[in-house]
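Here are my notes on this one, in the order I'd look at things. Have the model open while you read.

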Amino acid sequence: MRPEAIEAMMPYLRGNYANPSGAHRFARRARQAVDESRDRVAEAVGCAANEVVFTGCGTESDNMAITGAVSRLGGAAVCPAVEHHAVLHVVEHHGGRVVGVDHAGGVDPVALAATLDELGADDGPGVAVVSVMAVNNEVGTVTDLAAINRIVRRHAPGALLHTDAVQAACWLDLRAVTPHVDLLSLSGHKFGGPKGVGVLVERGGPRVDPLIIGGGQERERRSGTHNTAGIVALAEALAITDAERATENVRIAELRDRLVKGLQSRLDGVVETVPPERKVAGSAHVCVAGVESEALLYLLDEAGVCASAASACASGAMEPSHVLAAMGVERDVALGALRLTLGATSTEAEVDHGVDAVATAVDRLRERTAAR
Ligand code: PLP
């Protein structure tokens with residue numbers, strides 16, 4: 001977490017832990033903190049304060065967008081095959097449609113339009129929601145949401161367009177994303193805020209049915225006692241991320257290029273999975289020929305380098321990446337996938353250490369294979 005976000009939340013954990021829905025003075029103060037945080041989030045996202053709904057995490061925001069749209073509008077949910085499981089599994093749960101992607105992980109516009117036409121035909125169920133992530137969590141691909149919006153408006157004019165922007169906040173000015181969508185999801189822990197707090201932006205007022213029903217908090221859109229400390233910290237982290245984004249994008253793109261070029265100069269057979277011009281600065285996903293990620297990650301962990309192959313799943317078990325499979329990456333290439341990412345705390349010294357650790361580990365594994 002960003003130190004400023006920790007500082008911001010402490011008063012609401014230590015001193016004023018009142019419930020912001022209460023009536024006494026401490027409750028009113030907590031309420032004010034939630035309202036001010038809502039204003040700050042709205043400012044960074046480029047929406048009105050009353051369009052911001054605080055949720056319990058990014059997964060909840062994604063679920064609310066899709067399940068809430070299907071419940072309110074009827075019809076099918078549609079998403080590309082590379083979505084995070086917080087979207088993909090929900091679309092599948094509702095019997096929706098999954099659309100193919102290109103080699104860089106971008107949704108295929110022709111396939112999307114054809115799917116929407118088919119669902120919208122006279123004997124079709126219609127389309128409730130199309131969900132396309134702003135930035136892919138595994139390989140970093142950026143979506144042109146203006147183009148997706150044009151396709152949706154043309155081929156499914158009654159549908160809502162949702163974007164999972166959980167991985168976008170650090171890299172994209174959200175004010176340029178929001179105008180193209182109806183619904184947008186964020187998660188605090190992806191930009192230096194705490195885990196367990198998220199946002200769903202519902203542009204133009206309530207667009208979907210609530211997922212969590214109870215005491216009527218968040219103007220009946222998301223019941224449950226507010227996580228005041230988490231909300232205040234999320235807003236603080238987002239405001240700083242927003243202010244630093246332009247300079248961080250330049251700094252981190254340089255570090256990312258140093259990392260990938262460093263690996264390629266030390267090792268043969270290192271391929272950058274998505275070209276830099278199609279992805280965010282913080283993503284250095286590579287496939288390393290002749291090694292298996294599981295063994296590589298084990299050696300990297302020993303060397304103090306924390307990396308992963310795909311996304312973190314609940315079991316921690318290694319599963320083949322659905323993202324790489326959808327992109328058409330051959331299975332033996334995908335087996336050597338290494339998902340290195342950079343962010344606000346990354347330094348040149350860390351990158352050089354990372355290059356050294358990966359190169360040493362890969363050399364060891366390749367020597368072992370050759371000796372067999
Ligand atoms: N969507 C994307 C793209 C993510 O990367 C993640 C988390 O890794 C989520 C959704 C889920 O967010 P949360 O962990 O807050 O539930």
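1. In which sense do E2 and strand E3 (residues 97-99) pair, and over how many bridges? They pair in the parallel sense, over 3 bridges; two strands count as paired if DSSP finds at least two bridges between them. Valine 78 stands opposite arginine 97 in E3.

2. Before going further, some ground rules. This is a predicted model, where local features need pLDDT of at least 70, side-chain atom pairs count only at pLDDT 80 or more, and totals for chains, interfaces and linings use all residues. Numbering runs from 1 along each chain as its sequence is written, and side-chain values use heavy atoms, with hydrogens and water left out.

3. On E2's other pairing: 3 bridges join E2 to strand E4 (residues 127-131), and the two run parallel. Here alanine 76 has valine 127 as its bridge partner.

4. E2, helix H4 (residues 85-93) and E3 form a right-handed β-α-β unit. Right-handed means that, with the strands pointing away from the viewer, the path from the first strand over the helix to the second runs clockwise. Helices (H or I, at least four residues) and strands (E, at least two) are DSSP runs, numbered from the N terminus.

5. E2 (residues 76-80) has 5 of its 5 residues buried, that is, under 20% relative accessible area with a 1.4 Å probe, protein chains only. In a regular strand, side chains alternate between the two faces of the sheet. Ala76, Val78 and Pro80 cover one side of E2, Ala77 and Cys79 the other.

Conventions: Buried means under 20% relative accessible area, exposed over 50%, partly exposed in between (1.4 Å probe, protein chains only).
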